Amino acid sequence: MLELDAIGTGYGKAQVLRDFSLSVNAGEILCLFGRNGAGKTTAMKAIMGLLPLWSGDVRIDGEAVGALPAHQVPLRGIGYIPQGRRLFTELTVAQNLEIGLRARNSGPEVLDEVLDLFPRLRERYRQRAETLSGGEQQMLATARALCLRPKALLLDEPTEGLQPSMIEAIRQVILRMRDQGVAVLLVEQRVDAVLSVADRVAFIENGRNGEILSAEALRADHTLVDRYVGI
Amino acid sequence: MELGPYLLLATLEGAVTAAVLALTASGLALVFGVMRVVNVAHGEFFMLGAVIAWWVASHIGGAPVWGFTAALVLAPLIVGAIAAAADMTVLKRLDYDPERTIVATIGLLYILQQATLMTYGPDARPVEPPFNQRLALPWIEWTETGLGLYWPWGLSTTSYKLAVIGAAVVVLLGIWALMTRTRIGLLMRATQLDRDMALAFGIPVERVYALVFGLGAALAALAAVLIVPIQQAHYLMGHDPLLLSFIVVIIGGLGSLPGTILAAIFIGLTDGIISVFFSPTLAKILATLLVALVLVFRPQGLFGTRAA
Ligand SMILES: Nc1ncnc2c1ncn2[C@@H]1O[C@H](COP(=O)(O)OP(=O)(O)OP(=O)(O)O)[C@@H](O)[C@H]1O
Ligand SMILES: [Mg+2]
């Protein structure tokens, strides 16, 4: 579904990703795991076309999207939940969601579905995004991406700074998306959170591929994780 | 004339300045707010609006109202199209880099100005107002029988000047409605708030930018069409509107539309009043001084809420 084929990219002249490859299947949760600064967020920006590819290509359903203008990438069905939420702060909950709906002409039934997943947003519907609590903001960032009816979902540290019940809510949504056949690429720092949802785990080290393992293997042998996180 | 009527006259003149300035400066504020581009060529779009208004009006015969109405529609459209083209051919290629766009718009300023000099020439030319009744204004005075009205000599305005103020109010309300009530306004605000996220949600940011740059220039052109029956079109007429617009945008809080409009009213009125009682130059000096003070003590602008 979503494929990164030996991509290289970076900022200015500084290369961050080198020959980085990944592939996420429909109905699968792939966790991207690595230290701070390893290039996880950079990989997501590269998928979204927000950073130009220096080499390699990104494919969605077999279609190369690396050369498309950035705004056309999400139209292929990619929902992005960025690190730090990045909501349209001065706009209301409703307007943030409208922008998500507009991207791929989703109908009102999509909005209803999404609001059923996050009933809190319905109560805060006319409130400005910047006035929401941190947890509510994360819900909104997630809901905004789901409004696109994504075929692939990119989540960059969605549980950062959230309390356990909120983390559980996000986890349930991720699992539900997977069961609906969405390809999920999840960046997550907390090992237990990763192991409880992931189907496979891909390690990234200094912008290069590390091992790719099944979550089962990792659950069986924790030393593998420790080697990459290096606690 | 006594002080009272004199002050009323100055206030009315100031209100016309304020109306035109509010339109021009909103264009500049819109471009800076959404695109973070400091458009030094903004005054030339104003000038082009006036020159095109003269050109259109002089090619359309019949009553002045026809030529003026045609200019009111055509000048902003033509200027907006020129600006959008400049955005797509120049600014886009510079990746909207803040410093390089300043240099590029300075270049654009001279190109537009010199091209106008070569084609339109150095003369100042008038456009006839569509209507222009003189309206005498009353003032109050004490008489033996109590409070009475009288019509001091020289205290008057014209129906056209009042119409300019009315038109500016209508257009500004329209811009406000566009930004807050329409789909395209929503996309503009989303682009302003977070360009990368706008892209990540499929908003064609480049097209939004071209539209905003065109709209900003069209507002300046519209302001110029409104003022040209009072002021005459000239190829150097863009300087003052540019200076005053910058003053207003800085005082108003860099890109905030309501702040810009409040600042335009404030600067326009004081400019009118000081110009009538003292001199136009003093008015400009004081306004520039005010900007310096604002930049030192309140960089977010008098009406701005946060640092830009
Ligand atoms: N805008 C930028 N300009 C220049 N360098 C950047 C920029 N953003 C990130 N980098 C650099 O790229 C490298 C990878 O950053 P990235 O944000 O992808 O890391 P990450 O794996 O997401 O880390 P974290 O877990 O802390 O979020 C880092 O060395 C970082 O300093
Ligand atoms: Mg990151």
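The second largest pocket has 21 residues in its lining, and those nearest its centre are B:Thr17, B:Ile227, B:Gln231, B:Leu244 and B:Asp271. Here a pocket is an open set of points on a 1 Å grid over the protein atoms alone, with protein on both sides within 12 Å along at least five of seven lines, and a lining residue has an atom within 4 Å of a point. The model is a predicted one, so to speak: local features need pLDDT of at least 70, side-chain atom pairs count only at pLDDT 80 or more, and totals for chains, interfaces and linings use all residues. Residues are numbered from 1 along each chain as its sequence is written, chains are lettered from A and ligands numbered from 1 in the order in which they are written, and side-chain values use heavy atoms, leaving out hydrogens and water.The volume of this pocket is about 510 Å³, a volume being the space filled by probe spheres set on the points, which are joined across faces, edges and corners. H1(B) is the top contributor to the lining, with 6 residues. Helices H1 (3-35), H8 (205-231), H9 (239-252), H10 (257-277) and H11 (280-297) of chain B each bring at least two residues; helices are DSSP runs of H or I with at least four residues, numbered from the N terminus. By type, the lining splits into 11 nonpolar, 5 polar and 5 charged residues. Nonpolar covers Ala, Val, Leu, Ile, Met, Phe, Trp, Tyr, Cys and Pro, charged covers Asp, Glu, Lys and Arg, and the others, Gly among them, are polar.

The structure has 3 cavities of 30 Å³ or more, where a cavity is a set of grid points at which a 1.4 Å probe fits but cannot get out. The largest cavity holds about 70 Å³ of space. Its lining includes A:Pro158, A:Arg171 and A:Glu188. Helix H6 (164-179) and helix H7 (191-197) of chain A are the elements that give two or more residues to this lining, and H6(A) has the largest share, 4 residues. The lining of the largest cavity comes out as 8 nonpolar, 1 polar and 2 charged residues.

Then there is the place where the chains meet. Chain A puts 22 residues into the contact and chain B puts in 18 residues, with contact meaning heavy atoms within 4.5 Å. Between them, chain A and chain B bury about 1900 Å², and carbon and sulfur atoms give 67% of that; buried area is the accessible area (1.4 Å probe) that two parts lose on being put together, summed over both. On the chain A side, A:His71, A:Phe88 and A:Arg102 lose the most area to chain B, together 32% of what that side buries.

The interface also has 2 salt bridges, each a side-chain nitrogen of Lys or Arg within 4 Å of a carboxyl oxygen of Asp or Glu. A:Glu98 and B:Arg183 pair up in a salt bridge, at 2.8 Å from N to O.
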